[in-house]
Amino acid sequence: MAELSGKSVYITGGASGIGRAVVEGLVNEGAFVTVLDRSAEGLQELEQQFGDKIRTITGDVTIYEDHQRAVETAVDAFGKLDVLISNAGVFDAFAKFVNVTPEALSEAYDVLFSINVKGSFFAAKAAVDELKRTRGNIIFTVSGAGFYPDGGGVWYTASKHAQIGLMRQLAFELAPDIRVNAVAPGGTLTALSVIPPLRPFVNVVDNETKAKSIKTRNPLKIVMASEDHVGAYLLLASDKARAITGEVISSDGGLAVRGL
Ligand code: NAD
């Protein structure tokens with residue numbers, strides 16, 4: 001995908017899982033990548049692997065200034081910003097609404113919505129001026145939970161619906177300068193973490209059980225790995241997708257054709 005050669009991309013949550021695989025895919029296609037993550041250790045590993053192709057920022061997506069630092073870093077290092085990928089996210093591990101106390105409900109709402117939703121608002125706000133200059137694009141990582149029930153509990157499901165709303169409205173407001181899209185991965189084996197306020201209310205399942213459940217639910221009967229979603233990001237990021245905005249690419253083994 002020669003279109004990505006020399007592009008400057010800012011991604012959040014790139015130190016692990018899906019984001020990590022996307023960073024690798026981008027670098028392999030000749031892009032320069034700036035990664036914001038709260039895992040200093042994960043970022044260090046990225047630096048060792050990718051050297052001068054990347055820049056890293058240890059920070060938190062709930063802090064606007066951290067996004068500003070990341071955008072400044074990308075522009076200083078690589079001269080511009082072409083693509084934002086807002087990917088960092090956390091999970092509620094299917095916590096059941098009826099079981100959770102009002103206090104935990106409130107705390108879980110604040111923590112999860114701050115990361116999954118406000119983190120995406122902040123990333124887009126910090127990047128918008130630079131993206132306008134390059135007529136660039138934004139990609140949000142959403143989820144099958146952005147369309148269907150039972151991809152998580154109410155917190156996660158509502159947050160992913162909210163991100164799709166943010167994506168659609170921004171696609172409308174930022175046209176014709178900036179394309180705005182999303183990728184909706186299905187269940188994938190990663191380290192996606194359960195937020196602390198909900199930990200007393202959920203059973204954390206091992207990877208084998210998770211893999212079985214993922215395989216049973218999707219029509220292609222595959223256990224998805226992070227690498228399986230990379231192609232969708234590379235397409236949307238590139239000029240090959242110049243006519244695509246306001247869309248979600250589902251990379252989920254076919255949940256839409258699951259039937260009853
Ligand atoms: P992951 O835990 O492997 O990766 C998430 C990354 O985000 C981690 O590196 C983590 O340190 C970082 N992060 C979390 N909170 C942060 C914060 N406040 N500030 C900065 N960095 C932060 O999980 P993943 O599964 O790769 O998740 C990536 C995205 O994919 C999320 O948006 C998630 O909702 C979405 N997703 C995951 C699945 C799945 O089954 N794993 C399915 C659909 C969508």
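This is a predicted model: local features need pLDDT of at least 70, side-chain atom pairs count only at pLDDT 80 or more; totals for chains, interfaces and linings use all residues.
The protein has an average pLDDT of 96, and 99% of the residues score at least 70. For the complex, the predictor gives an ipTM of 0.99 and a pTM of 0.98.

The ligand comes next. It is surrounded by 26 residues, and the closest of these are S16, D37, Y156, T188 and T190. By type, the residues of this shell divide into 10 nonpolar, 12 polar and 4 charged.

K160 uses its side chain, where an N or O atom is 3.0 Å from an oxygen atom of the ligand. On its own the ligand has 820 Å² of accessible area, and the protein covers 95% of that. Two elements give two or more residues to the shell around the ligand: α1, which spans 17-28, and α5, which spans 154-174.

The model can also be searched for empty space. Rolling a probe the size of a water molecule over the atoms shows where such space is left. The second largest pocket has a volume of about 280 Å³. Its lining consists of 16 residues, with R135, G136, D177, R179 and R242 nearest the centre of the pocket. This lining divides into 5 nonpolar, 4 polar and 7 charged residues.

Two places in the backbone remain. Most residues other than glycine have a negative phi, and most peptide bonds are trans. Where does the model have a cis peptide bond? The bond from A175 to P176 is cis, with omega near 5°. P176 is found in the loop that runs between α5 and β6, the latter spanning 179-185. The other place is A93, a residue other than glycine with a positive phi, near 55°. A93 lies in the loop between β4, at 83-86, and α4, at 102-134.

Methods:
Residues are numbered from 1 along each chain as its sequence is written. Side-chain values use heavy atoms; hydrogens and water are left out. A residue is near a molecule or strand if one of its heavy atoms lies within 4 Å of it. A polar contact is a pair of N or O atoms within 3.5 Å; within protein, one must be able to donate a hydrogen and the other to accept it, and residues adjacent in sequence count only if both atoms are side-chain atoms. Accessible areas come from the Shrake-Rupley method with a 1.4 Å probe; for residues, only the protein chains shown count as cover. Helices (H or I, at least four residues) and strands (E, at least two) are DSSP runs, numbered from the N terminus. Ala, Val, Leu, Ile, Met, Phe, Trp, Tyr, Cys and Pro count as nonpolar, Asp, Glu, Lys and Arg as charged, and the others, Gly among them, as polar. On a 1 Å grid over the protein atoms alone, a cavity is a set of points where a 1.4 Å probe fits but cannot get out, and a pocket is an open set with protein on both sides within 12 Å along at least five of seven lines; lining residues have an atom within 4 Å of a point. Grid points are joined across faces, edges and corners, and a volume is the space filled by probe spheres set on the points. pLDDT is the predictor's confidence in each residue, from 0 to 100.
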